[in-house]
Amino acid sequence: MSFSAHFASALARPSPLLRRFERLIAPASDRALEALAAESQRLTRHHFGRTMRLFAPLYLSNECVNNCSYCGFSRDNGIFRVTLTVEQVVREARYLHNLGFRNVLLVAGEHPKFVSDGYLQSCIDALKGFFPTIGIEVGPMEDDQYAEIVRHGAEGLVVYQESYHRETYQRLHTAGPKKNFDWRLDCPERAYAGGFRRIGIGALFGLAEWRYEALALAAHLEYLSKHCWKAQFTVAFPRMRPYAGNYQYQPDADLYLSDRALVQLACAFRVCFPQVGIVLSTREPAPLRDALAPLGITLMSAGARTEPGGYTGAGSDDLHLTVKGRRVELTETTGCEKATEQFKIDDTRSPAEVAAMLVSKRLDPVWKDWDEAILAH
């Protein structure tokens, strides 16, 4: 039975673990939250020591066939688009490598015409010689497609459900293959069947009531931990950020995950899932990231850009629009245009500055923690 078939019953008849998790995310006093944070920190030190893995996203393409009302890459959004060539991807990767990164996440919108068959494999082939840890965050695939990606050298996959609230999901996704709620929900299981060693899941907080999203995310994680137990899991709870077409985004007060609630949520996940990695991205402001780092976070991005070519300017000579799936050339340019970002980041510090912050908190920045030689006979 896949998780999509199990989902409704998991929430209707929650396990003892989910009932405990639900209690931990209920409204709590300051004293109770402080105790939760202390326990979260203790468990993190016990299972992860003082390590903090660092990674960087590398955007390959901002083309997309999906219409998602909260995303800057949405199909009908009139943004500057580009798909980097493999050589340009290597240029971006070399820049990140020179900053110290050995863990990179390849990100692309979902568009089979532009991010075509073989493109992702070629990018991985070009990078695996100097990046021992390569993850992907792209459109969902079939088991055999994932197996091919793994054979080429990727070992991590990230796929966020965005919203676990089915009605909200259907309202926000109006066109494209992403409309299929269950297909996306079962993506981590297909990735596991394909051989991925690391799998990351999460929800985009701000789209539906946050406690419902959190409980559903916990249910998904519990299920995967039981049925896909050979993989390592990470969990993330990114919050809505301003994006192309909606730079004046105002959060719905009834849905917004406050800073205090984010701390409570991260600590609750650590207490209920003590060996699961917890990710905190540059979406969040620097002071909050600094405060959360010692409490349970184990994986952070740094110096991130959310557009193709964002690190080196690669691809800026090939910008275009896409209308109804067709490339449309720009009629007027100034020479200063660049590909449009997926969303605005908040923590704009350099990787070196983030690493220095971690050291100041007696945490150890980890740039590399994996090599395929570990599995060599």
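Over the ring of which residue does the charged end of Arg190 sit? It sits over the ring of Trp183, 3.5 Å from its centre.

## Basis

This is a predicted model: local features need pLDDT of at least 70, side-chain atom pairs count only at pLDDT 80 or more, and totals for chains, interfaces and linings use all residues. Residues are numbered from 1 along each chain as its sequence is written, and side-chain values use heavy atoms, without hydrogens and water.

## Charges over rings

A charge sits over a ring if NZ of Lys or CZ of Arg is within 6 Å of the ring centre and within 35 degrees of the ring normal. Arg197 also has its charged end over a ring, that of Trp370, 3.7 Å from the centre.

## Arg190

Arg190 lies in helix H9 (residues 187-194). Helices are DSSP runs (H or I, at least four residues) and so are strands (E, at least two), numbered from the N terminus. Arg190 is buried (under 20% relative accessible area, 1.4 Å probe, protein chains only). It has no salt bridge (side-chain nitrogen of Lys or Arg within 4 Å of a carboxyl oxygen of Asp or Glu). Asp143, the nearest side chain of opposite charge, is 4.6 Å away. The Arg190 side chain reaches the backbone oxygen of Met141 at 2.8 Å.

## Aromatic pairs

The whole structure holds 14 aromatic pairs (ring centres within 6.5 Å; planes under 30 degrees apart are stacked, over 60 edge-to-face, the rest tilted). Phe205 and Phe237 are edge-to-face, because their ring centres are 6.4 Å apart and their planes at 75°. These two residues are 32 residues apart. Phe205 is buried at 1% relative accessible area, and Phe237 is buried at 3%.

Conventions:
Phe/Tyr/Trp six-rings, centres within 6.5 Å; stacked < 30°, edge-to-face > 60°. Buried < 20%, exposed > 50% of the residue type's maximum accessible area, 1.4 Å probe, protein only. Lys, Arg positive; Asp, Glu negative; His and termini not counted. Polar contact = N/O pair within 3.5 Å; in protein donor to acceptor, adjacent residues only side chain to side chain.
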